[in-house]
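Here are my notes on the structure, as numbered points. Please read them with the coordinates open.

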Amino acid sequence: MLVALFIGVASSGAHAQSEYPVRPIRLIVGYAAGGLTDVMTRMLGERMSRELGQPIVVENKVGAAASLAATFVAQSPPDGYTVLMGTTSLAINPSLQPSLTPRNPMVELDPIGLAYETPFVLLTSKDVPARSFAEFLAYAKEKPRHLNVASSGNGAVNHLILEMVSRRAGVQLMHIPYKGAAPAIVDILAGRLDATFATPLDAVPVSEQGAGRILAVTSSKRLALLPNVPPVAETLPGVQGVFWQALFVPKGTPQPIIARLANALRIATEDDQLRSKVAERGVTMMTGGPEELREFLKSETDDWGKLIREAGIKVE
C-alpha cells in the first residue's frame, strides 16, 4: 500500500510538471514601475506568456539594492510560478553588501537564462570642452579632481564603471552619488554637473537638445542606436560594463519546469520584432540558457568583486 501511494504521488508530481504552467506566473522585478528595467521586464513577460499559454504578471518589489526581490523569490516555493528578473546587483551585492540576502545567488537560485544588456554612455555637459572620450580623459588629467561625474548611487553599475575608468586611465574624477539617474540628468541639463554614465535612453534626448554630448559607450561594441559613438574600450582596452537582466527561479525548481521556462525565454530573446523594439531604447537582447547564465554570473561576480576590493568601494 505504501509503495502504491508513493508511486501515485510521484506520478501526480510528474504530471503536474508536464502540464506546467496551469496558472499565471509571477515575474518579480526589484526596480520601480516605469523605469527601464521594469519596461524591459514587461515586454519580455508579454512575449514569453504567448509561448507558455499563461499570463505573466510583473510585480515590483523595490528595496535594498534589489535584494528584496531576489530574497522573495529565493524563499518562494520552487514550483515555477515565482520567477525573478535578476540583474547585475546579484553579482555586485555579495562583495559590496554581503549582509544582504541572498548572500550567494549562485547557490540560492536556479538560473533560467539571459535576457537583456544595457550599456551606459558617458554624457557630458555642453560646458565640458571635450569632443571625444580621449579628449575627456586628457582634460581630466590636466585638471585632477575638477570634473564632477555622477552615478545613480554608491555601488551602482555606473559607479563601478566610473571607478574602472579612473583606475585604468589614471585620472582623478570626483564621484557624485545621486539617488537614481533622473536627478543627475536634471543637473546635466542645468549645467550643475560635468558628466555622468547614463543609459542611452536617458542620454539621447539630452544630446538631441544640444544640452550635452555623448562621448563613449561602455559596451564592447557600438550600438545600432548610436553608431557613431565608440566604445570606451577603443581608448581603454578591456574596460567595459553593462547592466544586465536574466531570469532565475528558487533553488530546487524541477528541471522540466526550468527547461520549459528556458525555452520560452530563448524564443522571446530571438524574436526579431522584440529585438527591434528594445534596440530603439539602446538595449540588446542576450541569449543563453541555464548553464550559460550560471557561468556568466560567476564571471560577473568575480570581476565586480575584484574591482570593489581593489578600489575599496563601500556603501555608506
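Predicted model: local features only at pLDDT ≥ 70, side-chain atom pairs only at ≥ 80, totals over all residues.

1. Start at Arg145, in the loop between helix 6 (133-142) and strand 6 (148-151). Arg145 is not a glycine, yet its phi is positive, about 60°. Most residues other than glycine have a negative phi, and most peptide bonds are trans.

2. Ala64 is another non-glycine residue with a positive phi, near 55°. Its loop runs between strand 2 (56-60) and helix 3.

3. Next, the cis peptide bonds. One joins Tyr20 and Pro21, with omega about -5°. Pro21 sits in the loop between helix 1 and strand 1. Another joins Thr101 and Pro102, again with omega about -5°. Pro102 belongs to the loop between helix 4 and helix 5 (105-108).

4. Now the aromatic rings. A pair of aromatic rings is described by the distance of the centres and the angle of the planes. The structure holds three aromatic pairs. One of them is Tyr20 with Tyr81, edge-to-face, at 5.1 Å centre to centre and 65° between the planes. Tyr20 lies in the loop between helix 1 (2-19) and strand 1 (25-29), and Tyr81 in the loop between helix 3 and strand 3 (82-87), so the pair ties together parts that are 61 residues apart in sequence. Tyr20 and Tyr81 are both buried. Tyr20 is also the residue joined to Pro21 by a cis bond.

5. Tyr31 and Phe243 form another edge-to-face pair, with centres 5.7 Å apart and planes at 85°. This pair links distant parts of the chain. Tyr31 is in the loop between strand 1 and helix 2 (36-52), while Phe243 is in strand 10 (residues 242-250), 212 residues away. Phe243 has a relative accessible area of 12%, so it is buried.

6. The largest pocket comes next, at about 970 Å³. It is lined by 38 residues, and those closest to its centre are Tyr31, Ser152, Ala156, Gly180 and Phe243. Elements that give two or more residues to this lining are helix 2, helix 4, helix 7 (157-169), helix 8, strand 8 (195-198), helix 9 (200-208) and strand 10. Helix 4 has the largest share, four residues. By class, the lining of this pocket has 20 nonpolar, 16 polar and two charged residues.

7. The C-alpha atoms of Gly180 and Ser151 are 7.8 Å apart, and 29 residues separate the two along the chain.

8. How does the second largest pocket divide by class, and which element gives the most to its lining? Its volume is about 580 Å³. Of its 21 lining residues, Met164, Gly238, Gln240, Glu300 and Asp303 lie nearest the centre. Helix 7 and helix 12 (290-311) are the elements that give two or more residues. Helix 12 gives the most, eight residues. The lining of this pocket has seven nonpolar, seven polar and seven charged residues.

9. The largest cavity holds about 60 Å³. Its lining includes Ala66, Ser67, Leu90, Asn93, Thr101 and Pro102. Helix 3 (67-74) and helix 4 (89-96) each supply at least two lining residues, and helix 4 has the largest share, four. The lining of this cavity has seven nonpolar, four polar and no charged residues. Thr101 and Pro102, among the lining residues, are joined by a cis bond.

10. Last, helix 10 (residues 255-269). At 1.5 Å a residue, its 15 residues should span 21 Å, and the end C-alpha atoms are 21 Å apart, which agrees. Its buried residues are Ile257, Ile258, Leu261, Ala262, Ala264, Leu265, Ala268 and Thr269. Seen down the axis, the buried residues of helix 10 fall within an arc of 165°, so they line one face of the helix.

Conventions
Residues numbered from 1 in each chain as written. Heavy atoms only, no water. Expected span 1.5 Å × (residues − 1). Buried < 20%, exposed > 50% of the residue type's maximum accessible area, 1.4 Å probe, protein only. Arc of directions from axis to C-beta. 1 Å grid on protein atoms, 1.4 Å probe; cavity = no way out; pocket = protein on both sides within 12 Å on 5 of 7 lines; lining within 4 Å. Points joined across faces, edges and corners; volume = space filled by probe spheres on them. Nonpolar A, V, L, I, M, F, W, Y, C, P; charged D, E, K, R; others polar. Phe/Tyr/Trp six-rings, centres within 6.5 Å; stacked < 30°, edge-to-face > 60°.
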